Amino acid sequence: MPGEKKNKIRKKMQEAAHSLIDTVHASEHVENELIESSLSEVEERLFGRPAVLQPRSRIIRIASVAACMAVLLSATLYLLLTDKESGRNLSAALLNEELVPEAASNDILLITPTDSINLQKEASIRYRTDGSVSVNNRTLTSGTREAQPVLNRLIVPNGKKAELALSDGTRMHVNAGSRVIYPAVFGKKTREIAIEGEVFLEVAKDATRPFVVKVNGFDVKVLGTTFNICAYKTDKEASVVLVEGKVEVKTARNETVELNPNQLVTITPSGTRCKEVEVGEYICWKDNIMWLSGRKAGDVFDKLARYYGRTIVFDSSVAGLVLQGKLDLSGSLADVLDMMSLSLSLTYFIDENSTVTICLKDSASRGQKQSLL
């Protein structure tokens, strides 16, 4: 990074920090020097400046300002990426977990270059051509006539979903436990975003600007189409399923697969597999439905844990059960588990940490009391 630009970014960060220090000092009763030392650690990670190490006895005090520093760090990251090469940095931004914080709560988190916004309910987020953004039809930020393609980030925790409309008209359903990095306004030549998790996209047609989705391990390139990507970093494999149009999937192993409607490609470290599928099975999550179609119960409970944001524990005797039919996920987790318990002779228990334990009825321990969620 050129020295002049680095100094400008550092100056902006320090100006923001002074305002942040006043706020934290008033609300948390933390010494200014402690906040400033935390800022020094942020600067060291970004600019290579020596960090001020804190004594062990002050770790708890540092934790009280960590969330604020994370917001400042995140905003600075986007200053670093808002240049002409920002599109090429999308993958690095997505994968560099040190520079972008996890959600500090169970809220949906929208991060812009100037703010970090917690959205408590299911959110519908819309960007306009001028870069302005609204949530549930309420304007949050205004745009400009000469909007720049600065990067924004949407973090959707387990148990939540969100809808996102990009500035070009592309619409997205973002599933639980997912994150998306995207520009407030796309550049003149390309449209690029990066995702981790599961997203259903309806890409606006634009023959002059291909739409590229960057994922850890592969890219998906389209002009205008409807498809689903599932690429959680905790899963053993990722997949792309095409509803309509045409997409090109290019992997890190330089494998290229062109998909036609009703085809699914599975991407693993060892290679790709392509097959014909019933696409409804892979996109019904956006309508609060889960198709079972011979899935094993262990896989289903893992998906339910992510969808509802709960910890679900089960043993091998439960994990191997094969399921058929559909699950309606529009209600509570209790509704789903009650229905599954009846059909599979299961029972479930809740501990003091709200962890759900599922077992076969005939193996349930005596004396345990069943509890509703």
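Analyst: The bridge partner of Phe314 in strand S23 is Ile358. This bridge belongs to the pairing of S20 with S23 (residues 356–360), which runs in the parallel sense over three bridges; two strands count as paired if DSSP finds at least two bridges between them. Strands (E, at least two residues) and helices (H or I, at least four) are DSSP runs, numbered from the N terminus. The model is predicted, so local features need pLDDT of at least 70 and side-chain atom pairs count only at pLDDT 80 or more, whereas totals for chains, interfaces and linings use all residues. Residues are numbered from 1 along each chain as its sequence is written, and side-chain values use heavy atoms, with hydrogens and water left out.

The open sheet has three strands in the order S20-S23-S22, with mixed pairing. Because S20 (312–314) and S22 (346–350) stand at the edges with a single partner strand each, one side of each has no neighbour in the sheet. From one strand to the next, the twist averages 25 degrees.

Two helices accompany this sheet. Helix H6 (residues 297–308) lies across S20, S22 and S23 and runs at about 165 degrees to S20; angles run from 0 to 180 degrees between N-to-C directions, with axes fitted to C-alpha atoms, for helices over the stretch in contact. Helix H8 (residues 333–344) packs on the sheet and touches S20, S22 and S23, contact meaning heavy atoms within 4.5 Å. The direction of H8 makes about 145 degrees with that of S22.
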